[in-house]
Amino acid sequence: MHDLKTIRDNPEAFDAALRRRGVTHAASAAIMRGDHERRSISAELQSLQTERNTIARQIGQAKRDQADTTMLEARGSAIRAAMEALESRLPALDDAVNDGLDGLPNLLDPDVPDGPDESGNVEQSRFGRITNFETPPKQHFELGEALGLMDFATAGKIAGSRFTILRGDLARLERALGQFMIDLHTAEHGYTEIAPPLLVNREAMFGTGQLPKFEADLFKTTDDRYLIPTAEVPLTNIAAGEIIDAARLPLRFTALTPSFRSEAGASGRDTRGMLRQHQFWKVEMVSITTPETSADEHERMTRCAETVLERLDLPYRRMLLCAGDTGFAAAKTYDLEVWLPGQGMYREISSCSNCGAFQARRMNARYRPAQSGAKPAKPEFVHTLNGSGIAVGRALIAVLENYQNTDGTITIPEALRPYMAGKSRIG
């Protein structure tokens with residue numbers, strides 16, 4: 001959500017910033033019309049209330065003087081009626097202003113390059129060596145099905161498309177990946193592990209920006225709750241409605257949870273295999289910090305995600321997303337794309353975003369700066385960051401494809417062998 005004062009002070013700059021996002025209409029105009037009318041009504045109400053208080057005192061004095069109060073009482077009644085009429089207009093104006101603000105994306109960081117879509121993303125760095133296989137590498141689903149450990153048909157019978165059953169060593173390998181990641185982030189990266197709710201209310205979804213814009217992408221229950229599309233939602237909402245002492249920041253949380261997405265906008269895309277599922281495991285990282293430190297925290301968080309891929313020795317590249325590919329709530333995003341030899345291309349496996357104060361305004365998450373004088377410092381909005389640390393299902397795909405052998409077996413990365421009872425190969 002955006003600061004109304006910033007829009008009032010410079011609506012032209014606000015509209016220009018949104019045009020980078022592809023918002024071509026003058027977004028500030030409708031918001032400012034509603035805001036101006038709302039403020040005018042508030043000013044008029046305050047004036048009427050002042051007059052009403054004056055008349056009440058005059059009526060009291062007139063009664064003490066045993067004077068006629070008919071005209072004063074008539075005026076008091078007229079003021080009350082006028083105030084009720086004005087007050088009845090405020091809810092609709094509040095809704096109009098808030099709806100206008102709720103539907104607008106975050107403003108972009110100056111570092112974000114222009115570009116219409118993923119074609120405008122800018123590569124920042126690469127890691128790892130791409131293997132030259134003796135024979136054409138297979139895709140993960142070919143490998144998994146040949147091993148008899150990846151079953152799409154049975155999952156489809158039970159739940160429909162975009163679900164998978166993993167058996168035996170592949171089920172254990174998926175579990176090993178999640179455990180390895182969560183152990184790394186808690187033991188070495190300073191994150192606190194959280195076991196959050198997987199169902200959240202509408203307010204939590206609104207706070208992180210999933211609602212109202214992305215409701216079609218969510219699974220909703222009959223009692224107005226939602227299955228989480230990412231643990232970002234419950235982890236970030238830990239700070240909702242709070243005023244946190246600056247000395248406690250940054251707060252760093254991580255969680256290993258299932259995620260649930262309807263993939264409403266992905267019809268026909270990645271229909272084979274596990275790349276795009278309705279249900280998948282993911283390790284999420286969330287940081288709550290101050291405006292002064294959020295840029296450094298963004299770099300730190302991205303390095304934490306990169307460390308996962310480096311420990312698994314998976315080739316990847318870091319991409320700075322352009323204006324047209326940056327998510328709704330993000331001001332700046334790095335994507336990590338892992339090399340999938342079966343597809344012969346890099347695919348996203350982690351997305352690390354700095355959302356600035358955008359989510360904090362929606363959920364009223366604030367901190368109190370250190371006191372510099374006798375008077376306590378005024379609370380300010382925190383900055384929130386989130387990142388995949390990383391998507392477990394896609395990491396499984398990357399391990400299968402990068403560690404495949406010509407005989408159809410899969411070598412288990414060294415970092416995962418302690419979680420696989422020392423086993424070095426699947427097959």
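My entries on sheets and helices follow.

**Ground rules.** I am working with a predicted model, where local features need pLDDT of at least 70, side-chain atom pairs count only at pLDDT 80 or more, and totals for chains, interfaces and linings use all residues. Residues are numbered from 1 along each chain as its sequence is written, and side-chain values use heavy atoms, with hydrogens and water left out.

**Eight-strand sheet.** I took helices (H or I, at least four residues) and strands (E, at least two) as DSSP runs, numbered from the N terminus. I call two strands paired if DSSP finds at least two bridges between them. On that basis I traced an open sheet of eight strands, ordered E1-E10-E11-E12-E15-E9-E8-E4, and its pairing is mixed. Its edge strands are E1 (122-127) and E4 (192-193), each pairing on one side only. I then checked E10 (residues 316-320) against E11 (residues 332-340): they run antiparallel and are joined by five bridges. Leucine 320 has tyrosine 334 in E11 as its bridge partner.

Contact here means heavy atoms within 4.5 Å. Axes are lines fitted to C-alpha atoms, for helices over the stretch in contact, and angles run from 0 to 180 degrees between N-to-C directions. I found H7 packed on the sheet, touching E4, E8 (251-260), E9 (279-289) and E15 (383-391), with its direction at about 165° to that of E8. H12 (residues 392-402) lies across E8, E9, E11, E12 (345-354) and E15, and runs at about 35° to E15.

**H7 with H10.** The axes of H7 (residues 168-187) and H10 (residues 294-311) come within 11 Å and cross at roughly 130°. I therefore log H7 and H10 as oblique to each other (under 35 degrees is roughly parallel, over 145 roughly antiparallel, 65 to 115 roughly perpendicular, the rest oblique). H7 brings Phe180, Met181, Leu184 and His185 to the contact, and H10 brings Cys304, Thr307, Val308 and Arg311.

**H3 with H4.** For H3 (residues 27-64) and H4 (residues 70-102), I read axes that come within 8 Å and cross at roughly 160°. That is why I note H3 and H4 as roughly antiparallel to each other.

E13 (residues 366-368) runs antiparallel to E14, with two bridges joining them. In E14, glutamate 380 is the bridge partner of tyrosine 367.
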